[in-house]
Amino acid sequence: MGPEPRPLSQTPPFRRPPGAGISSGLISVFGRTRRVRALGRRVAGVAGVAFLTFAGAGLAQAQQRPDSLRVAPDEELADTLAADSLAARQDSIAAADSVYFNLPRLDRDRTPGWDQGVWEWEYEELQTQGAVTLADLVALVPGVTTLLTGDYGNPVGFTAFGLGGGRLRIFRDGFEVVPLEGGVPDLARVGLAGITSVRLERNPGELVIRMKSLRYEAPRPYSLVEAGTGDLNTNFFRGTFAIPRALGGSIALAIERADSRGARGNAAGNQTGTWLRYQLHRGDNAGLSVDFRRMGTETEVTDYASPVTRTDFTVRGRAQLVAGLVGEAYWGRSTHTVEDLRDLYADEGGRVSQMGLRAALERGPFSAEGAYRRFGGGSDLPSGRLDVSMGAEDRSVGGFSADYQRASWPETTTSGKRIQAWTGSLLGLSLFGSWESGTAGARTGPVTTPAPPDSLDSPTDSLDAPPVQDSTAVVLPLFRVADRTATRFGVRWSWRGFGLAGARLKVEADSLLPLGFGPDRGGPVVPGGTRSGWEASARLPTILRGLSLQGSYQTWDEAWPYLPKQSYQGAFVYHRTFLETGNFEWWWSLGVRGRDPMTVRMLAPTSGEVAEGEEEPEIVLASVPFYQNWYARMEIRIVTVRIFIGWENFTIRRNLQDFPGGLLPVTRAIYGLRWTMWN
């Protein structure tokens, strides 16, 4: 039986719709307690006084008149001096208008490539790919499986190499987007608003997504409008506005929304987000940043909570300590709010604080990065986590990378290490390989903080209250640890636009943790084992300039839950820029993504507690059918305006699903524009 649709109009009443805008988001964060409201009024008062002071000074300066009583002894000399003074003032104004600043860069990035398992989308590529959500980008990576439970507004998971909770991490400007719904972050509540770079590192032992927010590239205010519409009443909008010089620093804000009637047109949902950032700069060498993000989802599907909101608030200070060395200290808080009034979600929701120190060093081909993070909130997250990496890279010789991580939990410690190496090209051939081993821990259920009965109308007012447990029930353990060792060795050949690569894969795991999101949250682990496989990638140019055939293939000796025996991607990709000015660009692709039938885990309905003497709930290993999605996309850029159209599953395959009963849209065409403006 598939999920039963629930009209949004009949959704249990909730107090605040997610994504209600920046103002409501700020109220939700800062308006919870009287002390915070009082502090907000004091800050607003100080800001108002400061604004009036600066405004008054500006007006007074604007109203100053030249001294008309002063007489120059020589009229011609006076005219010359006046002209020189005016020219100098205009030059100074022009120079001031051309000044803008960014926080120092704090990155240690490997060169992207299939052989190193790194995919990266910078600003232009993000617009070209036409991704509405982060899941759309993740789906482009070979060997990565996105797990959709429905259309917009429903939970979205992702995995690769059969990875489970604790081994899929997301970072946004160095701040870890910790999982609040289970063992992995829900991609439905990780938006792309204000994001200008996404990097995915696909390792057999860990999957990492690194996102970077907007950086200023010019002194002028910047705007980006992305809007589209299509089948199933689908609409999406993303608007970004940035002022490099405002209120003594810089300001950037963005909003985004995607909604649809859902598969078969009877399971409407949406996801709505806001982003606001204010920065103070001391040149390009130091700065302070305050960042607020909020992403909410709603769905008619009764199997999942609705509405749900995630809020992340961070304050960071970053500075270049010496040449090539950048350091940062930050503090942040992530809030998980569930406003579904059904008993199943009465206790779900909570807050997790995070503070950390980061540093990055770069000296010629050598680079190193380290980060230490502390977590608080009693949500089975580690109390502390250390991440250290170092490496060197030279295009002609090759390079290496070494990573180490250690996490401290209340009753145990986990650690992991990884080594990667690759050679330069010799006659078009290069070798690469990686080895990694270690343990990882994760919770398998959502953050829960029971609220006293007298505060049901405001559940987040008592988030710091101690959990209340029924002494007659045995609470299932939510925290699990798993061990894994993995290797990947291969060879790559490239010549005049041709590219071929292959790699041998091997994974050993003592157990497989659930992802802990949506359908399988709270579920027990399943036995692991050893799996061997191989993967290949190819790029073949054609006789038509700008057109190439690209594809990838991965296969395993035996399938695992969430790891199909075979998966593949292939597409004809065309891209050319025309005119001497480069103001006309044409890009299109026609391709397919597919996989074999896949085993997934479905936890039998439970409240999360088991009476004494009873066994843990049985995990149901269900199978979803063969998946194949033929798609087409086209985009035309004229100066800074991009017109796009995309068509998913145009062969109208009617049984696409990643979980039993969670049918995906049969087909959908969407079209619109993206317009970059410099004001």
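A hairpin joins β18 to β19 through four residues, and strand β18 (residues 398–408) pairs with strand β19 (residues 413–423) in the antiparallel sense over 11 bridges. Strands here are DSSP runs of E of at least two residues, numbered from the N terminus, and two strands pair if DSSP finds at least two bridges between them. Within this pairing, A407 stands opposite T414 in β19. On the other hand, β18 also forms a hairpin with β17, with three residues between them; 11 bridges join strand β17 (residues 384–394) to β18, and the two run antiparallel. A392 has F400 in β18 as its bridge partner.

The model is predicted, with local features needing pLDDT of at least 70 and side-chain atom pairs counting only at pLDDT 80 or more, whereas totals for chains, interfaces and linings use all residues. Residues are numbered from 1 along each chain as its sequence is written, and side-chain values use heavy atoms, with hydrogens and water left out.

An open sheet of five strands, with mixed pairing, has the order β1-β6-β7-β4-β5. β1 (118–121) and β5 (175–176) stand at its edges, and because each has a single partner strand, one side of each is left without a neighbour in the sheet. β1 is joined by four bridges to strand β6 (residues 195–203), and these two strands run antiparallel; W119 has L200 in β6 as its bridge partner.

Another residue in a strand is G350, found in β15 (residues 349–363). G350 counts as buried because its relative accessible area is 0%, where buried means under 20%, exposed over 50% and partly exposed in between, for a 1.4 Å probe and protein chains only. The C-alpha atom of G350 is separated by 8.3 Å from that of L180, although the two residues are 170 residues apart along the chain.

Several details of the backbone lie in loops. A cis peptide bond, with omega at about -5 degrees, joins S306 and P307, and P307 has its place in the loop between β12 (286–299) and β13 (308–322). F161, in the loop between β3 and β4, has a phi near 55 degrees, a positive value in a residue other than glycine. N649, in the loop between β32 (641–648) and β33 (668–678), likewise has a positive phi, near 50 degrees, and is not a glycine. With a relative accessible area of 1%, F161 is buried, and N649 is buried with a relative accessible area of 1%.

The structure holds 15 aromatic pairs, in which rings of Phe, Tyr and Trp (its six-membered ring) have their centres within 6.5 Å, with planes under 30 degrees apart counted as stacked, over 60 as edge-to-face and the rest as tilted. Two of these pairs are set out here.

| Pair | Centre distance | Plane angle | Class |
|---|---|---|---|
| F161 and W556 | 6.2 Å | 85 degrees | edge-to-face |
| W647 and F650 | 5.5 Å | 50 degrees | tilted |

R674 lies over the face of F644 at 4.3 Å from the ring centre, and the charged end of R316 sits over the ring of Y330, 5.8 Å from its centre.

The structure holds 13 cavities of 30 Å³ or more, a cavity being a set of points on a 1 Å grid over the protein atoms alone where a 1.4 Å probe fits but cannot get out, with lining residues having an atom within 4 Å of a point. Grid points are joined across faces, edges and corners, and a volume is the space filled by probe spheres set on the points. The second largest cavity has a volume of about 730 Å³. Of the 43 residues that line the second largest cavity, L106, D107, G174, R358 and E369 are the closest to its centre. Strand β7 (residues 206–213) gives the largest share of this lining, six residues. The lining of the second largest cavity divides into 11 nonpolar, nine polar and 23 charged residues, where Ala, Val, Leu, Ile, Met, Phe, Trp, Tyr, Cys and Pro count as nonpolar, Asp, Glu, Lys and Arg as charged, and the others, Gly among them, as polar.

Conventions
1 Å grid on protein atoms, 1.4 Å probe; cavity = no way out; pocket = protein on both sides within 12 Å on 5 of 7 lines; lining within 4 Å. Lys NZ or Arg CZ within 6 Å of the ring centre and 35° of its normal.
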